[in-house]
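Visitor: I am new to this structure. Please show me how to read its packing.

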Amino acid sequence: MRGDQLASGHAGRAVTPRGGDLRGGVLPPGRPISPQTNGKWIALAQDRAARPADGGAFAEDFAATWRRAYRLCRDQPGDGTVRTRHGDAMLLSEFVLTRVVEVAVHGLDLADALEREAWLTPAAGDAVAELLLGAEHAPAADKLGWSHSRFLRKATGRELLNKAGAAQVERLAIRWLALG
């Protein structure tokens with residue numbers, strides 16, 4: 001498991017916005033989150049959005065949440081399984097990787113929206129490239145000469161390939177993984 005890349009996660013039990021546990025009947029195996037639980041999450045989000053913005057409190061809450069998620073994931077076997085919110089079984093290590101992808105992709109979106117320079121940690125960039133290209137083809141991404149941010153933008157359609165870039169991708173036999 002790539003715990004050092006974790007920004008948010010799942011640890012054999014789901015971590016809810018208030019640190020609760022989705023085991024014990026709320027998320028039975030093979031079933032998605034109940035409408036009641038989903039409604040509670042929406043109400044919590046609406047309550048948080050209605051409060052005055054407090055950047056310091058938000059940053060503290062975020063830091064406490066990612067540290068708790070990291071600790072919970074670190075303490076679980078990497079080959080353990082979790083249930084996604086849709087009820088699907090998934091390896092913990094693979095679920096954590098999906099969270100790295102989400103943070104990376106939406107981090108780019110946020111940087112663009114705020115007109116800030118985007119960045120990815122090298123570990124997150126490597127993990128996403130390996131996921132998108134497969135371990136055997138991930139080194140091809142380095143041959144493109146793009147930063148991790150540019151690679152991710154192009155791989156997810158956030159930045160279009162020009163003719164030269166398309167030819168380079170074709171020459172390297174890179175096939176993008178479809179995200180959806």
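Guide: We will go through the helix contacts, then the rings. One note before we start: this is a predicted model.

Visitor: How are two packed helices described?

Guide: Two packed helices are described by the angle between their axes and by the distance between those axes. Take helix H3 (residues 92-113) and helix H4 (residues 122-133). Their axes come within 10 Å and cross at roughly 110°. That makes H3 roughly perpendicular to H4, because angles from 65 to 115 degrees count as such.

Visitor: Is the crossing of H3 and H4 left-handed or right-handed, and which residues meet there?

Guide: The crossing of H3 and H4 is left-handed. From H3 come Leu97, Val100, Val101 and Ala104. They meet Ala124, Ala127, Val128 and Leu131 of H4. By class, the residues of this contact are eight nonpolar, no polar and no charged.

Visitor: At what angle do H3 and H6 cross?

Guide: Helix H6 covers residues 148-155. The axes of H3 and H6 come within 10 Å and cross at roughly 100°. H3 and H6 are therefore roughly perpendicular to each other.

Visitor: Which residues of H3 and H6 meet?

Guide: On the H3 side, look for Ala104, Val105, Leu108 and Asp112. On the H6 side, look for Ser149, Leu152 and Arg153. This contact of H3 with H6 has four nonpolar, one polar and two charged residues. Ala104 of H3 also takes part in the contact with H4.

Visitor: That leaves H4 and H6. Are they roughly parallel or roughly perpendicular?

Guide: The axes of H4 and H6 come within 10 Å and cross at roughly 30°. H4 and H6 are therefore roughly parallel to each other, as angles under 35 degrees count that way. Their crossing is left-handed.

Visitor: What does H4 bring to its contact with H6?

Guide: H4 brings Pro122, Gly125, Asp126, Val128, Ala129, Leu132 and Leu133. These meet His148, Phe151, Leu152 and Ala155 in H6. By class, the contact of H4 with H6 has eight nonpolar, two polar and one charged residues. Leu152 of H6 also meets H3.

Visitor: Which charged ends sit over a ring?

Guide: The charged end of Arg99 sits over the ring of Phe95, 5.1 Å from the ring's centre. The charged end of Lys154 sits over the ring of Trp146, 5.1 Å from that ring's centre.

Technical notes:
Residues are numbered from 1 along each chain as its sequence is written. This is a predicted model: local features need pLDDT of at least 70, side-chain atom pairs count only at pLDDT 80 or more; totals for chains, interfaces and linings use all residues. Side-chain values use heavy atoms; hydrogens and water are left out. A charge sits over a ring if NZ of Lys or CZ of Arg is within 6 Å of the ring centre and within 35 degrees of the ring normal. Axes are lines fitted to C-alpha atoms, for helices over the stretch in contact, and angles run from 0 to 180 degrees between N-to-C directions. Helices (H or I, at least four residues) and strands (E, at least two) are DSSP runs, numbered from the N terminus. Angles under 35 degrees count as roughly parallel, over 145 as roughly antiparallel, 65 to 115 as roughly perpendicular and the rest as oblique. A crossing is left-handed if the near helix is turned anticlockwise from the far one by less than a right angle, and right-handed if clockwise. Contact means heavy atoms within 4.5 Å. Ala, Val, Leu, Ile, Met, Phe, Trp, Tyr, Cys and Pro count as nonpolar, Asp, Glu, Lys and Arg as charged, and the others, Gly among them, as polar.
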